[in-house]
Amino acid sequence: MTLFLEHDEIEQLTSKKRRSSQVSALNQMGIQHLVRPDGSVAVLRAHVETIFGHGQNPNRRKTVPDFSCLQ
């Protein structure tokens with residue numbers, strides 16, 4: 001797996017083929033990205049996975065602090 005999304009993955013994520021439209025869609029979705037000197041769009045895979053909650057276990061119990069000692 002690569003550090004950045006591939007061009008076809010960015011197309012799939014944004015539903016756009018033109019780079020300028022992809023940038024607009026990424027801005028609207030709040031996804032951080034950079035435009036490279038050649039005009040291509042760079043999106044960190046880890047950022048997208050974090051936004052979409054990839055790798056999080058929905059069944060994992062959340063820890064709750066025990067405040068009973070503060071009484």
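Arg45 is buried, at a relative accessible area of 11%. Buried here means under 20% relative accessible area, exposed means over 50%, and partly exposed lies in between, with a 1.4 Å probe and protein chains only. The model is predicted: local features need pLDDT of at least 70, side-chain atom pairs count only at pLDDT 80 or more, and totals for chains, interfaces and linings use all residues. Residues are numbered from 1 along each chain as its sequence is written, and side-chain values use heavy atoms, without hydrogens and water.

The side chain of Arg45 forms a salt bridge with that of Glu9, at 2.9 Å from N to O. The pair links distant parts of the chain, 36 residues apart: Arg45 sits in helix α3 (residues 45–51) and Glu9 in helix α1 (residues 7–14). Helices (H or I, at least four residues) and strands (E, at least two) are DSSP runs, numbered from the N terminus. Glu9 is partly exposed, at 26% relative accessible area. A salt bridge requires a side-chain nitrogen of Lys or Arg within 4 Å of a carboxyl oxygen of Asp or Glu. Side chains of opposite charge can pair when their charged atoms come close.

The whole structure holds two salt bridges. Lys17 and Glu11 form one, with their closest N and O atoms 3.4 Å apart. Lys17 is exposed, at 66% relative accessible area. Glu11 is partly exposed, at 23%.

Next, the loop between α1 and α2 (19–29). Ser15 lies there. Its phi is near 60°, a positive value in a residue other than glycine. Ser15 is exposed, with 62% relative accessibility. Gly30 follows α2, and its phi is also positive, near 75°.

Helix α2 itself has Ser21, Gln22, Val23, Ala25 and Leu26 buried. The buried residues of α2 pack against α1, β1 (34–35) and β2 (41–42).

Now the core. Nonpolar side chains tend to be buried together in soluble globular proteins. The largest nonpolar core here has eight residues: Leu5, Ile10, Val23, Leu26, Ile31, Val41, Val43 and Val48. Such a core is a set of buried Ala, Val, Leu, Ile, Met, Phe, Trp, Tyr and Cys residues joined through side-chain atoms within 4.5 Å. Ile10 belongs to this core. Leaving aside neighbours within four places in sequence, Ile10 is in contact (heavy atoms within 4.5 Å) with Leu5, Ser15, Gln22, Val41 and Val43.
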